Amino acid sequence: MKIHRPDAKTLVIEEIDSLLGELLRQIPASADPSGSEAATARLFPTPTGGREPKEDAEWRELVEPELRELFLDAVGVVQEDLKKFVAAPESRTLRLPMKHLEAWIHALNQARLALTARHGFTDRELEREVPMEEGERALVLFQVHFYGLLEEFFLRQLEE
Amino acid sequence: MPLPTVETDTSTEESLDVPWNVVVHNDPVNLMSYVTRIFQMVFGFSKQKAEIHMLEVHQKGRSIVWSGVRERAEAYVQQLHGHLLLATLEKSQ
């Protein structure tokens with residue numbers, strides 16, 4: 001996979017192999033915490049962590065809906081950028097407007113947090129201090145790291 | 001005619017008297033560069049100051065990134081949650 005900027009306004013990811021292509025297509029679904037209490041709790045923490053139940057309940061009622069909308073907006077931008085890529089499974093190139101990078105960084109981070117909480121990865125697993133298992137868990141851990149690499153790269157692009 | 005009752009707005013009094021801390025907690029998933037960037041964006045920290053707080057979060061598990069009136073502290077916590085950081089509000093000791 002190669003990433004380059006043909007001009008100041010565009011970022012191109014090309015020579016995407018089928019596995020990484022599939023992982024890119026899965027960003028919106030991976031960022032969705034639905035069906036996982038752990039993922040929902042991580043994406044929507046409370047301001048007092050349970051010390052002040054009344055305050056936390058008010059937060060859930062008043063602030064959480066705003067945050068949900070904010071998160072949906074960011075993932076929506078990514079979904080829109082992925083539209084053509086999703087519609088053409090043989091596609092190996094993805095073009096992103098630079099002005100969408102903030103949304104991509106958010107969505108990648110959200111996906112990493114949701115996947116980690118959903119699958120209960122430990123700090124040691126995340127730091128690769130345990131041998132890589134076989135199967136789905138290993139693939140999801142790879143997905144978390146792949147999204148992390150992309151996120152880091154995008155962050156650097158914004159610094160330049 | 002019932003006597004008027006005087007209600008004390010304790011939250012306002014409290015917010016004026018007691019500083020509240022915005023605390024950011026460690027999270028093994030958020031990238032260090034990402035946390036630094038969010039601190040710069042939300043609080044207007046220099047990169048150096050943002051990195052000091054980021055490293056404190058990473059090494060000590062938490063960092064107090066802002067102290068002041070409760071309402072503003074809540075607004076900062078909301079912004080930090082909007083950027084997916086683990087942040088809480090605590091009364092200053």
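User: What makes helix H6 of chain A largely enclosed by the rest of the structure?

Analyst: This is a predicted model, in which local features need pLDDT of at least 70, side-chain atom pairs count only at pLDDT 80 or more, and totals for chains, interfaces and linings use all residues. Residues are numbered from 1 along each chain as its sequence is written, while chains are lettered from A and ligands numbered from 1 in the order in which they are written. A residue is buried if 20 or more other C-beta atoms, placed from the backbone, lie within 10 Å of its own, exposed if 12 or fewer do, and partly exposed in between. In H6(A), 14 of the 19 residues are buried, so this helix is largely enclosed by the rest of the structure. For chain A as a whole, 27% of the 160 residues count as buried.

User: Why are H5(A) and H6(A) called roughly perpendicular?

Analyst: Axes are lines fitted to C-alpha atoms, for helices over the stretch in contact, and angles run from 0 to 180 degrees between N-to-C directions. Angles under 35 degrees count as roughly parallel, over 145 as roughly antiparallel, 65 to 115 as roughly perpendicular and the rest as oblique. The axes of H5 (residues 64-87) and H6 (residues 101-119) of chain A come within 8 Å and cross at roughly 110 degrees. The pair is therefore roughly perpendicular.

User: Which residues make that contact, and how are they classed?

Analyst: Two residues are in contact if their C-beta atoms, placed from the backbone, lie within 7 Å. H5(A) contributes A:Phe71, A:Ala74, A:Val75, A:Val77 and A:Val78, and H6(A) contributes A:Ala103, A:Trp104, A:His106, A:Ala107 and A:Gln110. Ala, Val, Leu, Ile, Met, Phe, Trp, Tyr, Cys and Pro count as nonpolar, Asp, Glu, Lys and Arg as charged, and the others, Gly among them, as polar. The contact of H5(A) with H6(A) accordingly has eight nonpolar, two polar and no charged residues.

User: How do you know that strands E1 and E2 of chain A pair?

Analyst: Helices (H or I, at least four residues) and strands (E, at least two) are DSSP runs numbered from the N terminus, and two strands pair if DSSP finds at least two bridges between them. E1(A) and E2(A) (residues 10-14) have four bridges in the antiparallel sense, which meets that criterion. One bridge joins A:His4 to A:Val12 of E2(A). The two strands form a hairpin with two residues between them.

User: Which element gives the most to the side of chain B that touches chain A?

Analyst: The contact takes 16 residues from chain B and 19 residues from chain A. H4(B) gives the most to the chain B side, with five residues.
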